[in-house]
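Okay everyone, thanks for coming.

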Amino acid sequence: MTASTGTIKVGDTSFETNVKQGSIGPSVIDIGALYGKTGMFTYDPGFTSTASCESQITYIDGDEGVLLYRGYPIDQVAEHGDFLETCYLLLYGELPTPAQKADFDYRVTRHTMVHEQMARFFQGFRRDAHPMAVMVASVGALSAFYHDSTDISDPTQRMIASMRMIAKIPTLAAMAYKYTVGQPFVYPKNNLDYTSNFLNMCFAVPCEDYKVNPILSRALDRIFILHADHEQNASTSTVRLAGSSGANPFACIAAGIACLWGPSHGGANEAALKMLGEIGSVENIPKFIAKAKDKNDPFRLMGFGHRVYKNYDPRAKIMQKTAHEVLNELGIKDDPLLDVAVELERIALHDDYFVEKKLYPNIDFYSGITLKAMGFPTSMFTVLFAVARTVGWIAQWREMIEDPGQRIGRPRQLYTGAPRREYVPPSKR
Ligand code: CMC
């Protein structure tokens with residue numbers, strides 16, 4: 001990281017400060033001394049101009065539509081590697097050698113079972129609970145089951161917690177699914193690869209054989225790669241903020257899952273598919289485009305737009321290709337939702353409103369169609385996102401804990417409430 005200096009001038013006060021330059025991307029102005037020098041805070045709701053940390057994990061150039069994991073372009077990682085290789089890359093910073101990869105796969109695979117008592121924990125939920133509600137609770141509950149990996153000051157415990165989380169999250173996700181459909185839980189099978197094992201835990205039943213389709217498994221594995229990390233998005237920032245207080249890793253990941261659930265973030269894949277269903281057919285598209293453009297209507301085209309990408313989301317391109325591959329494999333020739341999606345994308349990409357605001361399809365636009373075709377109900381879409389993003393959250397959490405300059409995150413505010421006033425007793429109100 002190189003640094004130059006700049007001058008900050010506010011009213012009559014001016015002072016020199018560092019301007020830090022990363023390896024690529026915009027520079028940042030170090031404003032840590034601002035309050036001490038001027039008595040003022042910066043104001044940036046939604047953090048549109050604020051870098052909250054230094055990181056070496058993921059880089060996004062939103063104007064160019066670029067996403068790099070540890071420097072490697074997302075399309076190359078998704079094309080050539082598998083999800084556990086991506087996990088290794090995000091956690092350790094380098095692609096694994098074949099021996100390192102085999103060892104990593106072995107270590108993750110050996111952690112896939114959850115404590116048997118977890119099955120009882122699940123019985124406490126209503127069967128119609130949203131699986132994301134179950135995930136928030138069950139991942140948080142891991143801290144009550146694995147006491148030997150909650151001491152964050154111990155690097156070995158941090159690593160065990162990380163491996164446990166990556167390995168157990170598919171097991172919990174599959175259990176959340178099985179619970180809502182009233183089927184028995186399926187134990188992990190260590191002879192299957194990570195994603196095939198997940199599909200088996202979701203779709204196998206005790207009364208008949210289930211054979212994982214390798215094309216669907218590869219497609220889902222690629223979807224996991226696409227979702228694995230995305231720098232300082234809302235859920236990752238939540239994990240970092242929760243972790244900055246010294247909270248245990250399982251609790252921090254549960255906080256990330258809660259944040260991911262919202263429709264502006266990971267919940268958008270569920271919302272996008274619901275929207276395509278509501279549109280129903282190509283003739284209805286203009287009506288929905290008009291609604292999305294109407295300032296007085298809160299409706300938005302779900303799966304469109306992104307805080308950072310002002311160009312085509314590079315993940316959406318791969319997701320679109322994957323959607324076609326999955327539908328072909330399953331022999332789905334005419335999917336009315338896909339027809340609506342393709343036409344909606346075509347119209348929106350030529351519409352002045354979307355062009356001027358640089359609103360392009362994001363990763364969630366095609367993911368719902370793909371996951372639905374694979375047999376997942378919409379309520380599971382965000383759960384699958386959480387399965388994949390867990391490694392990103394863990395990698396970012398570890399990076400934060402290992403940063404010697406790490407401090408508790410504590411933003412300030414612009415107070416607009418009542419100034420000091422005297423307490424009024426109930427009889428005088
Ligand atoms: N449909 C219609 N108009 C939109 C849309 C949309 N999907 N997205 C943004 N706009 C308009 C918005 O009304 C605003 O217009 P104006 O400047 O006239 O007020 C302008 O574009 C900028 O929008 P914003 O809300 O200020 O932008 P943001 O960066 O705060 O929000 C976003 C980003 C992703 C929340 C937003 O684009 C959105 O709500 N999209 C739909 C939900 C969605 O697909 N989310 C998934 C994001 S990708 C996966 C993930 O990261 O989790």
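Before we look around, one term: a polar contact here is a pair of N or O atoms within 3.5 Å. Also keep in mind that this is a predicted model.

So let's start with the ligand. Tyrosine 353 has an N or O atom in its side chain that sits 2.9 Å from a nitrogen atom of the ligand. Asparagine 362 has a polar side-chain atom 2.9 Å from an oxygen atom of the ligand. With serine 264 it's the backbone: a polar backbone atom there is 3.3 Å from a ligand nitrogen.

Next, a pair of helices. In general, two packed helices are described by the angle between their axes and the distance between the axes. Our pair is H6, residues 131-145, and H11, residues 249-260; the angle is about 170° and the axes are 7 Å apart. Angles over 145 degrees count as roughly antiparallel, so that is what we call H6 and H11. On the H6 side, the residues that meet H11 include Met132, Val136 and Leu142, and among their partners in H11 are Phe250, Ile253 and Ile257. By class, this contact has 11 nonpolar residues, 2 polar ones and no charged ones.

While we're in H6, have a look at serine 138, which belongs to that helix. Buried or exposed, what do you think of serine 138? Its relative accessibility is 0%, so it counts as buried. Leaving out residues up to four places away in sequence, serine 138 touches Met118, Phe121, Phe122 and Leu172.

Another serine to find is serine 367, in helix H17, residues 364-374. Serine 367 counts as buried because its relative accessibility is 1%.

Last stop, the loops. Phenylalanine 47 lies in the loop between helix H1 and strand S4. Its phi is near 55°, a positive value in a residue that isn't glycine. Phenylalanine 47 counts as exposed, since its relative accessibility is 58%.

Lysine 358, in the loop between helix H16 and H17, also isn't a glycine and has a positive phi of about 55°. Lysine 358 is partly exposed, with a relative accessible area of 42%.

Definitions and conventions. Residues are numbered from 1 along each chain as its sequence is written. This is a predicted model: local features need pLDDT of at least 70, side-chain atom pairs count only at pLDDT 80 or more; totals for chains, interfaces and linings use all residues. Side-chain values use heavy atoms; hydrogens and water are left out. Helices (H or I, at least four residues) and strands (E, at least two) are DSSP runs, numbered from the N terminus. Buried means under 20% relative accessible area, exposed over 50%, partly exposed in between (1.4 Å probe, protein chains only). Contact means heavy atoms within 4.5 Å. Axes are lines fitted to C-alpha atoms, for helices over the stretch in contact, and angles run from 0 to 180 degrees between N-to-C directions. Angles under 35 degrees count as roughly parallel, over 145 as roughly antiparallel, 65 to 115 as roughly perpendicular and the rest as oblique. Ala, Val, Leu, Ile, Met, Phe, Trp, Tyr, Cys and Pro count as nonpolar, Asp, Glu, Lys and Arg as charged, and the others, Gly among them, as polar. A polar contact is a pair of N or O atoms within 3.5 Å; within protein, one must be able to donate a hydrogen and the other to accept it, and residues adjacent in sequence count only if both atoms are side-chain atoms.
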